[in-house]
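Visitor: Please take a close look at one part of this model for me. I would like the part where the two chains meet.

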2 protein chains.
Amino acid sequence: MQSPAQPRTLARHLADHVGDQVRLAGWVHRRRRLAALTFLVVRDRSGLAQVVVRDEDVRRQLDGLGEESTIEVRGTVTSADQAPGGVEVIDAVIEELGAPAQTPVVALWRPGLDATLPILLDHAATTWRHPRRQAVWQLAAASMRGFRDTLHRAHYTEIATPKVVAAATESGASVFELDWFGRPAYLAQSPQFYKQTMVGVFERVFDVGPVFRAEPHGTARHLAQYTSLDAELGFVHDHRDVLAALRDCLAGMLEAIGSDAEQAVELLGTRVPEVPAQIPTIHFREALRLVGAPDDEPDLAPEHERALGGWALAEHGSDFLAVEGYPAAKRAFYTHPQPDDPRWTNSFDLLFRGLELVSGGQRLHRYDDYIRALELRGESLAPYETYLDVFRRGIPPHGGFAVGLERWTAQLVGAANIREVTLFPRDLHRLTP
Amino acid sequence: MQSPAQPRTLARHLADHVGDQVRLAGWVHRRRRLAALTFLVVRDRSGLAQVVVRDEDVRRQLDGLGEESTIEVRGTVTSADQAPGGVEVIDAVIEELGAPAQTPVVALWRPGLDATLPILLDHAATTWRHPRRQAVWQLAAASMRGFRDTLHRAHYTEIATPKVVAAATESGASVFELDWFGRPAYLAQSPQFYKQTMVGVFERVFDVGPVFRAEPHGTARHLAQYTSLDAELGFVHDHRDVLAALRDCLAGMLEAIGSDAEQAVELLGTRVPEVPAQIPTIHFREALRLVGAPDDEPDLAPEHERALGGWALAEHGSDFLAVEGYPAAKRAFYTHPQPDDPRWTNSFDLLFRGLELVSGGQRLHRYDDYIRALELRGESLAPYETYLDVFRRGIPPHGGFAVGLERWTAQLVGAANIREVTLFPRDLHRLTP
């Protein structure tokens, strides 16, 4: 780049510089050669800028610069009612910042993105550049910020947890094994143990990071690595306190989307939900009754969840519904029973538009209760030794939840497959890019 | 807990409630039984509260409640000049929230924490509760927030990157192998490839997350998993733009420490550095000359770094010093050469108080340059195929850096071993807790 002295102007700010000589930098988004001029659209992180080129030398230069080539443009900003944003750049001089780019596999300049999922994913480095794809990720990024900011305001402490562990804490079936200096070790399926431990230190903690599930099936809603937004809080009365914390997180995530990603919401036409001050909550028994399922069903099927989502919208005008009291048999052993009837638990699932988005609840906090719970399930205590010891050290009544970032984003934008909203998905078949 | 109706009062807010009946909740931090009364200190996330118990039944109850048991205390706040914070709680009724805790391996109520490193780490669940340990982590947590907030304000986009990859991007030697549905795969040593790729999408990106190095040696400054604060930015002129971005991040991290962790800084007596508006920068050649090393030394030894740290402080009054221009042979193949002399590179290390804290620099952005760089090193192109293809797709001139969170915190508080500032360290020997 010739002269770093001249500050760069972003596409979005061009309208503030009518009459000025500016320096744009970005990608060749589109070229259209007409008889007497070439329209060049430059894309940068802020949006698109139109450049009108009449000089024959510059037009020939542009002919050799394929879409996605990176360039600098020096020119003069002028008003142009017919141009996007009401301005365009004229008398342009163009400098190439690298070699001309190869032609993208999909036309990024078309408003729609017409590509199969394998194309989207195999060529992620390019396809994420499409404004609609960028917008999707901006919702995800804003959600992470909103989650953290909400918890920071509520005096939660961020923690960083090990992703390699000596034993599987959740279920042993779907865990990745690795070679740890000659010993077997496992990728962490969740930060569950660590966040419970750290409740003993900071009372309220959160962790945003990757978790790993060796799911051997390739469904549209499972990934082998996903981003888990985890929170855990101590000194709760029961799972309703946990649900209230989750409610505030969701509201904060949507607030951040509103402030960081307004353009993205508009471009995608995303229907941003309202989070009720109190999320409508029904008991699992009642949920079964509502969907007409037998009262000994141990879990909700996807079609049940969809029906309940419709019910919550019709009955409460809410995109969110909490189902509490799941049967003990279907929840992790650390789940706190419902005090008045231990067939049920102080746990919940949160449905968002009829899809399970979050699992949470109150956990056991007494050592003896853990021993009893594991014995009742006929599980060996040995793999949980380190975990269990923590509960002899003074852990208050507590609970927590985990939001899957990708599932949240997918449901928010109505993506058919969770891979569409994941930067570089990992699954049974996919280990690149 | 009997009545959730009465709101909880935090220890730090007791002074606002003189004369009131309050509900405290927390840990038994310390008990001192005197002839006519028992002093109870309750610890919660905000600090310590003194409770004076004269009732014989309650005193007997406390005798059975070891330190670290979780309790609720209902009592009346009264002024007491001799008490910490000028208030204490009297006429207390105590409710146990779990079974009495086992006696901690270290006395958490003592101002100092006198324990060997193995004790600290083996009993992390308890030892992190010591106020000095808590304070150390609060500096780390605030630093993460400050890093992200700084970049968010500068319009960087947060990304989430795969932690399992098909090929090692840095050096093949120190990589963990795992079984990915029957295929070999590797834990990511850095998000380098992904952040460069995403510069092609968002121009400016950051990623805070775990990275993995199979370091077979147990030094005081290496971990097998650490938290990497990664940033990458496009459309730079050279590495100096990258260094300026790093400078702002460090300033933001320290600002967040000032606002989130003031108490922690005070308790630890941490000397919080000033970040100069421009970090003093010297060329690698000049650094060798300053420390009296031969001018063909390829790298700086730890004692050289210490000497340079002393020089920066004496000469520039700065705890930070950037050394730029490292010899190409000692930097990763993706490092951009110094345009006027390709023996050197457009890269830098940032020393903080004489210790290398950050590596960064400008990267290659042209496909052909990558091919040449790998060929020059005699490296096969095959494992880099996906990586290299990205540079045919239009990647602007760019660069970035990575701050090791644990190394930063350790140097900030003067910890002798990086494991002291890591919640649950992982290394050659340590896979639990």
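Guide: Start with one pair of side chains. B:Glu158 forms a salt bridge with A:Arg148. Their closest N and O atoms are 2.6 Å apart. Keep in mind that this is a predicted model. Now sort the residues on the side of chain B that touches chain A. They divide into 48 nonpolar, 22 polar and 23 charged.

Next, the extent of the contact. Chain B contributes 93 residues, and chain A contributes 93 residues. The area buried between chain B and chain A is about 8100 Å². Carbon and sulfur atoms give 63% of that area.

Then the symmetry. Two copies of a chain are related by a rotation about an axis and a shift along it. Here the rotation that superposes chain B on chain A is 180°. The shift along its axis is 0.0 Å, and the RMSD is 0.0 Å. That is the relation of a two-fold axis. The same surface serves both copies, since 100% of the contact residues of chain B recur in chain A. To place the axis in your viewer, go to B:Leu178. Of the residues of chain B, B:Leu178 comes closest to the rotation axis, with its C-alpha at 2.0 Å.

Methods. Residues are numbered from 1 along each chain as its sequence is written. Chains are lettered from A and ligands numbered from 1 in the order in which they are written. This is a predicted model: local features need pLDDT of at least 70, side-chain atom pairs count only at pLDDT 80 or more; totals for chains, interfaces and linings use all residues. Side-chain values use heavy atoms; hydrogens and water are left out. Copies are superposed by least squares on the C-alpha atoms of residues with pLDDT of at least 70 in both. Contact means heavy atoms within 4.5 Å. Buried area is the accessible area (1.4 Å probe) that two parts lose on being put together, summed over both. A salt bridge is a side-chain nitrogen of Lys or Arg within 4 Å of a carboxyl oxygen of Asp or Glu. Ala, Val, Leu, Ile, Met, Phe, Trp, Tyr, Cys and Pro count as nonpolar, Asp, Glu, Lys and Arg as charged, and the others, Gly among them, as polar.
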